[in-house]
Amino acid sequence: KISKKDSLFEVETDKGKKYTAKAVLVTSGSSRRKLEVKGAKEFDNKGIVYCASCDAPLFEGKEVAVIGGGNAGLETAQQLLAYAAKIYILERGEEFKADLVTQELVLKEGKIVPIKGAELLEIKGDKFVRSLVYKDKKEGKEKELAVEGIFVEIGSLPNSSFLGNLVELNKWGEVVIDHKTGRTSLEGIWAAGDVVDQPYKQNNISMGDAVKALEDLYLWLQKKK
């Protein structure tokens, strides 16, 4: 946790060690929401993946599934078009949550197979994913899709709870920052990466934003001397 003591910050680690600092840069990232169905743990990173930008080329010529019908899910499907032979998009709800422009752009593609009202039940495979089982909520039947890759896009959770009420968070728990400087609502604390209200969650963006925040933090410290 982090607390403010006069003009300094006290940072306490999960092992009980305490440090004091004039300034803090928060880069605690986020945790991807995981699938909570049979087989999900066994095949995590063995066909179940979380980044189309990183892993799409590994599934060239294969049939894959995208779990999640929001903007992230449809954008993932769009990236997969250059590689996968067929792309199933499974949405638990009765309608996709992505904006209409994105839906019109992606769902018209012949490789895309949209499936609404799909309750994921199980992931099957041997060394790697071979299929998934879902319940068609409209028909009340279980169905199985032969896929070799599953791209999970059901959201993420920013690792911001340790900040308490020190800085402003948005409704998703992301740290609200000034995107020019990385400054938070509390002077002396900066933040960067997937923990902040940055719409594009990518490693290279996180690293660049952290460097930008450090530059501003450094200049701030120089003025404090």
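Helices (H or I, at least four residues) and strands (E, at least two) are DSSP runs, numbered from the N terminus. This is a predicted model, in which local features need pLDDT of at least 70 and side-chain atom pairs count only at pLDDT 80 or more, while totals for chains, interfaces and linings use all residues. Residues are numbered from 1 along each chain as its sequence is written, and side-chain values use heavy atoms, with hydrogens and water left out.

**View 1. Asp 216 sits in helix α4 (residues 203-224).** Is Asp 216 buried or exposed? Asp 216 counts as buried because its relative accessibility is 15%. Buried means under 20% relative accessible area, exposed means over 50%, and partly exposed lies in between (1.4 Å probe, protein chains only). Which residues does Asp 216 contact, leaving aside its neighbours within four places in sequence? They are Thr 181, Arg 183 and Trp 190. Contact means heavy atoms within 4.5 Å.

**View 2. Helix α2 (residues 71-80) has five named residues to look for: Gly 73, Leu 74, Thr 76, Ala 77 and Leu 80.** These are the buried residues of α2. Seen down the axis of α2, they fall within an arc of 155°, so they line one face of the helix. The arc is that of the directions from the helix axis to the C-beta atoms. What do the buried residues of α2 pack against? Their partners include the helices α1 (52-55) and α3 (100-107). The strands β7 (63-67), β8 (86-91), β9 (112-116) and β13 (149-152) are also among them.

**View 3. Strand β13 has buried residues pointing both ways.** Gly 149 and Phe 151 point one way, and Ile 150 and Val 152 the other. In a regular strand the side chains alternate between the two faces of the sheet. β13 runs parallel to β6 (residues 48-49), joined by 2 bridges. Val 49 stands opposite Phe 151 here. β7 also runs parallel to β13, with 4 bridges between them. In that pair, Ala 65 faces Ile 150 as its opposite residue. Two strands pair if DSSP finds at least two bridges between them.

**View 4. Strands β10, β11 and β12 form an open sheet.** The order is β10-β11-β12, and the pairing is antiparallel. β10 (118-125) and β12 (141-146) stand at the edges, each with a single partner strand, so one side of each is left without a neighbour in the sheet. Neighbouring strands of this sheet are turned by 25° against each other on average, direction ignored. Axes here are lines fitted to C-alpha atoms, for helices over the stretch in contact, and angles run from 0 to 180 degrees between N-to-C directions. How many bridges join β10 to β11 (residues 129-136)? There are 7. Gly 125 stands opposite Val 129 in β11.

**View 5. Strands β2 and β3 form a hairpin.** They run antiparallel, and 4 bridges join β2 to β3 (residues 18-21). Val 11 has Tyr 19 as its bridge partner in β3. The hairpin has 5 residues between its strands. Gly 16, in the turn, has a positive phi of about 90°.

**View 6. Asp 6 and Asn 45 are found in loops.** Asp 6 lies between β1 (2-5) and β2 (8-12). Its phi is positive, about 60°, although Asp 6 is not a glycine. Asp 6 counts as exposed, at 76% relative accessibility. Asn 45 lies between β5 (30-32) and β6. Asn 45 is not a glycine either, yet has a positive phi of about 65°. At 57% relative accessibility, Asn 45 counts as exposed.
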